[in-house]
Amino acid sequence: MAVYTHLTTEELAEFVAHYAVGALRSAKGIAEGVSNSNWLIETAGGRFILTIYETRTDREGLPFFLGLLDHLAEKGGPVPRVIHDRDGAAFRRIHDKPAALIEYLPGVAPDRPDPAQAHAVGAALARLHRDAVDFGGTRRNTMDLPEWRRLLSGCGADGLDRIDPALESLVEPELTALERDWPSGLPRGIIHADLFPDNVLMLGDEVTGMIDFYFACEDLLAYDFAITHAAWAFDKGGGFRPEIAAALAQGYQSQREFARAEKNALPMLGRGAALRFVATRAWDWLHTPADAVVTRKNPMDFARRLAFYRDAGEEAFAL
């Protein structure tokens, strides 16, 4: 989440008037995240998140993203409902960009998850994979391995060196290895693809909301677990937390058992998950507009996780 597109109070009120949620009372821009512009909206009818979809979000994929939320909410999953406008549309346009109003869910994103929270998140991810089996939509992963190379190449001849002198020498051999050895033939389905702690709301050990589905797509289910592992199983200093890794795996397998081939592939998938976020964060580090209300994220956090997965292999997952 972030704010790239700036709206006046009058523009916000006019947008909200298209929904049966009551008049606008307050609106506050949300600076966290990097992909879209977001506001916390309060109306006479409650609290909502207004999202304007910026360039990285696949705008043609919006019917998929929002339809998936509708589907998972109908299944009783912990996801926000899409608020449809008075004409039944899931999104509208503002400043010639698509925008949607989403239910605000209670809960707090865990700052330092404990094992019970990690277990609950692993189980919630597996449930998402299960509940999405009969979802009729499909979307390819637009943030796949070729896109990682494109983003990293777009950082320029010296861009990675300007971020950190060690980055280029780490990234290129890993890209080559992943392009050569990326797993195939594993179970596929709809994945979240971005289930970081700040995309999970919790009350105690209960998952009350999984949010920010705008990278959701069809891909390897075990890759989605690897992304979640890379996002949750390390502390802010980059140290590996094996108790969190174990709880995530136990929680996931309480709802869906990994096939043997998936377990064998997880070390490579972990390297890919880490490199995916090195690529997007490096691009954002170098290309974020100076006037954007956004918190840039250091790609070296995931460069260190990439090196860990490369060196630790299957011990990182201990399944």
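## Close-up views of a predicted model

**View 1. R130 and its salt-bridge partners.** R130 is partly exposed, with a relative accessibility of 41%. The model shown in this and the following views is predicted. R130 pairs with D131 in a salt bridge. The closest N and O atoms of the two side chains lie 3.9 Å apart. D131 is buried, at 9% relative accessibility.

**View 2. A salt bridge between β6 and a loop.** The structure has 21 salt bridges in total. One of them joins E103 to R81, with 3.5 Å between the closest N and O atoms. The pair connects distant parts of the chain, 22 residues apart. E103 belongs to strand β6, residues 97-103. R81 sits in the loop between α2 (62-74) and β4 (82-83). How exposed are the two partners? E103 is partly exposed, at 22% relative accessibility. R81 is partly exposed as well, at 44%.

**View 3. The salt bridge of R93 and D96.** The side chains of R93 and D96 form a salt bridge. Their closest N and O atoms are 3.7 Å apart. D96 is exposed, with a relative accessibility of 60%. Its value of 60% lies over the 50% cut-off, so D96 falls in the exposed class.

**View 4. Helix α8 and the helices around it.** Helix α8 covers residues 242-253, 12 residues in total. From first C-alpha to last, α8 reaches 16 Å, close to the 16 Å expected at 1.5 Å a residue. Which residues of α8 are buried? They are I244, A245, A247, L248, A249, G251, Y252 and Q253. These buried residues pack against three helices: α3 (115-131), α7 (221-232) and α9 (260-287).

**View 5. Buried E174 in α6.** E174 lies in helix α6, residues 167-181. Its relative accessibility is 4%, so E174 counts as buried. What does E174 touch, leaving aside residues up to four places away in sequence? Its contacts are R271, L275, L306 and R310. One of these, L275, is also listed among the residues with the most contacts inside the largest nonpolar core.

**View 6. The nonpolar cores.** The largest nonpolar core holds 91 residues. Those with the most contacts inside it are L66, L68, W148, F213, F225, L269 and L275. Helix α9 gives the most to this core, with 11 residues. L66 touches Y53, V82, A90, F91, A100, I102 and Y214, with residues up to four places away in sequence not counted. Another core, of 15 residues, lies apart from the largest one. Its members include L12, F48, L50 and L101.

**View 7. Buried cysteines C155 and C217.** C155 is buried, at 5% relative accessibility. C217 is buried too, at 0%. How many disulfides does the whole structure contain? A search finds zero. A disulfide would be a covalent bond between the sulfur atoms of two cysteines.

Notes: Residues are numbered from 1 along each chain as its sequence is written. This is a predicted model: local features need pLDDT of at least 70, side-chain atom pairs count only at pLDDT 80 or more; totals for chains, interfaces and linings use all residues. Side-chain values use heavy atoms; hydrogens and water are left out. A salt bridge is a side-chain nitrogen of Lys or Arg within 4 Å of a carboxyl oxygen of Asp or Glu. Helices (H or I, at least four residues) and strands (E, at least two) are DSSP runs, numbered from the N terminus. Buried means under 20% relative accessible area, exposed over 50%, partly exposed in between (1.4 Å probe, protein chains only). The expected span of a helix is 1.5 Å times one less than its number of residues. Contact means heavy atoms within 4.5 Å. A nonpolar core is a set of buried Ala, Val, Leu, Ile, Met, Phe, Trp, Tyr and Cys residues joined through side-chain atoms within 4.5 Å. A disulfide is a pair of cysteine sulfur atoms within 2.5 Å.
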